[in-house]
Amino acid sequence: MMRGVRILLATVLAATVAACGDPGEPRSLVPVVPAERPMPAGVELAPEAPEGGSGEDCDDPTASLAPSGLSTPAGSTMAEIKERGRLIAGVDQNTYLFGFRDPSTGELEGFDIDIAREMARALFGDPNRVQFKTVSVQDRITALQNGEVDVMVFAMTITCERREQAAFSSVYFEAGQRVLVRKGSGYTSLSDLGGKKVCAPKGSTSLANLVAADPTPVPVAVDDLADCLLLLQQRHVEAVSTDDTVLAGMASQDPTIEVVGETFSSEPYGIGIPKDNKDMVRYVNAVLEDVRANSWEDIYGRWLEPVLDSAKPPAPTYE
Amino acid sequence: MVANSWATTPGRLSIIAGGIVALILLTGVVAAATAMSKSDTTTNLVEIHEPTAADVQRLYSALSDADAAAASSLLAAGDEPIELRRRYENDIALVGPTLGLAALDRSGDPRVKEQIEVVGRQVPTYVGLVETARTNSRQGLPIGGAYLREASNLMRTEILPAAERLYRIQVERVADERESAVSFPYAATALAVLLIVALVAAQIQVRRLSKRRLNVGLLVATSAILLGVIWSSVAMTAHARLVNEGHDHGSAQVNLLADTRITALQARADELLTLVARGAGATYEEEFAKLSRTIVGDGGDGGTLREARTMTRDEEMVHHLDQSIGAAERWLTTHGEIRQSDDGGNYEEAVELAIDSRRAGSSAVEFRSLDDHLGVAIKGGRQHFVAETVGGARALTLLTAGWALLALVAAAGVVSGIRQRLREYR
């Protein structure tokens, strides 16, 4: 009997001690995982540098055919356009301030659009007699080669390679590569950005220039230019570097960022024209002479001056 | 002791009676439990598993729909149409409650938890990006489009795949439960066969020992068990046939139609995002072509819609599926026109063809018609599933109670039959 009681007591004691063991940490059923920050599709960190596709050298790609007045003789390209009743202009719809669609109205607007309207004004006396045909960057040359457009007003840099595929007007805008940074970030030029992430579009000369820069930034390549601004806003990159015209469009969409530094490349923009329409090249150059003298500064002031500094129209060179 | 009892006739009779009564009770319990578990599994199929799968499927289509609605809103220049905004909001409002319910039914499956975590974590981020896109667009800033594409990328690469996996897991579970509901009752069958053999053997043994003809008590017991076996075979065959019917002409079709609907929603989002990307949307267009082939096949032949149609016998469903096929084909024609306009530089016309819900033949109208008819067909398929499966569950009504009663009758028969013999030895 006594032995039974003793065993019982021992058991109870053991059970009590066991119950007093380490209770463990308070538990959580939902693991705390830091938020994954979203990224646009197709972002590439430190991509291979694109080929520096300068092509064969030519003397001066910007030298165009000299203007020969605003007459439109019968049988000329201009006469055909007049007969059709409207000018067909290939334009961009993605570059804010240059060629873009106002999301609230759906209308095409921008520097290039206004230049195209000046062409229509010269031909018809009416800036609205122009049919805009939006094309993508890759299709610009093809559209000219197929004669789908009369003029391509699409922030096209005149290069020797392109001169073999299409004709170009005299330079109507001189752009250059610069950098876009957050205000107060302390960066004042590309040389401050060594080892930092800098965004540029895939396969562009801007990207090649970044890779070649010293000190070298960490290039981040995107499919669509607009993704660069998004990456800057979401703090995935420290800066964006491409043509200042594009950067101006980005800076004017966000008051907390600015374009800084000197231009470190030269991008002379010309109006693309189908290669065989030499009379049209001369005509367009004549219109551009007039634009430089009269409306250029108005158009520049309307779109780019608020973001870039004031500028003068580039002087034309002729063959 | 048993060996001693077996030596005398009364002892032997008592042992036989005791053994058989034990076997009867065991058979009765196993058969009743089998009937009850089949009936419960079938009821759960209708009340828990299929609804969960359908809810998760609805979550999946709501998420795809939100993606398409957000893209439509951004394309509508100026003020976004209120109905698009409502659709988007309603789609997003479905996420939280559905995830909560799906989490309740997780039954310890770690895969379910993972998917719920992904969807639960990423949807708020998605919503934030969509609102940033809206805000920018309302101020006329084109960067809104980039935010929308980023949101859509998050939806397509993270959220939708997780929602799809969650849906597949639920569909898998419905299939498992259905299989267990119609599985062959091996244990109960083996016991019943053993019992009948034992009863017949006992009848022979008793007859030899007492030199009488048939023992009535044992005969009653045998009849009761045979009745139970016949009843069970009929009821369970009917049950399996109805439950399988509910699958073949109900849930299997619903799964196919649900897949089709989701594919259509993704194709619609691709169509709109090609326009949002403005000339840089070649990848969206490629995906559209691939998805649309999945739905309607090539040149009026093949595709999941026609496959679903051949599976259908219900006339009303056939009607809705025919309407869906027609709408899908008209949508593809319009899509061709949209691409032509956009590629030809006439962006405004392309956008109008894509999103104007008041213009007859626009892809907004045809897509909505396709989606509506698919919705009705899915509802019809689910109704079919419920009707057949509930019918199946009803076939098993009373079988549990029946087995309990028949086992008692059989046991009583054995006891009274043997006791009668035993009395003759007093």
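Biologist: At what angle do helix H2 and helix H4 of chain B pack, and how far apart are their axes?

Modeller: First, the ground rules. This is a predicted model, where local features need pLDDT of at least 70, side-chain atom pairs count only at pLDDT 80 or more, and totals for chains, interfaces and linings use all residues. Residues are numbered from 1 along each chain as its sequence is written, while chains are lettered from A and ligands numbered from 1 in the order in which they are written.

Two packed helices are described by the angle between their axes and the distance between the axes. Here, H2(B) (residues 9-75) and H4(B) (residues 95-104) pack at about 150°, with axes 10 Å apart. H2(B) is therefore roughly antiparallel to H4(B) (angles over 145 degrees).

Biologist: Which residues of H2(B) and H4(B) make the contact?

Modeller: Contact means C-beta atoms, placed from the backbone, within 7 Å. H2(B) contributes Thr52(B), Asp55(B), Val56(B) and Leu59(B). H4(B) supplies Val95(B), Thr98(B), Leu101(B) and Ala102(B).

Biologist: Is Gly361(B) buried, exposed or partly exposed?

Modeller: Count other C-beta atoms within 10 Å: 20 or more is buried, 12 or fewer exposed, in between partly exposed. Gly361(B) has 14 such neighbours, so it counts as partly exposed. Gly361(B) sits in the loop between H12 (347-355) and H13 (363-395) of chain B. Beyond its neighbours within four places in sequence, Gly361(B) contacts Arg330(B), Thr334(B) and Glu366(B).

Biologist: Which residues of helix H6 of chain A are buried?

Modeller: In H6(A) (residues 205-212), they are Thr205(A), Ser206(A), Leu207(A) and Leu210(A). These pack against strands S9, S10, S11 and S12 of chain A.

Key. Axes fitted to C-alpha atoms, helices over the stretch in contact; angles between N-to-C directions. Helix = DSSP H or I, 4+ residues; strand = E, 2+ residues; numbered from the N terminus. Parallel < 35°, antiparallel > 145°, perpendicular 65-115°, else oblique. Contact = placed C-beta atoms within 7 Å.
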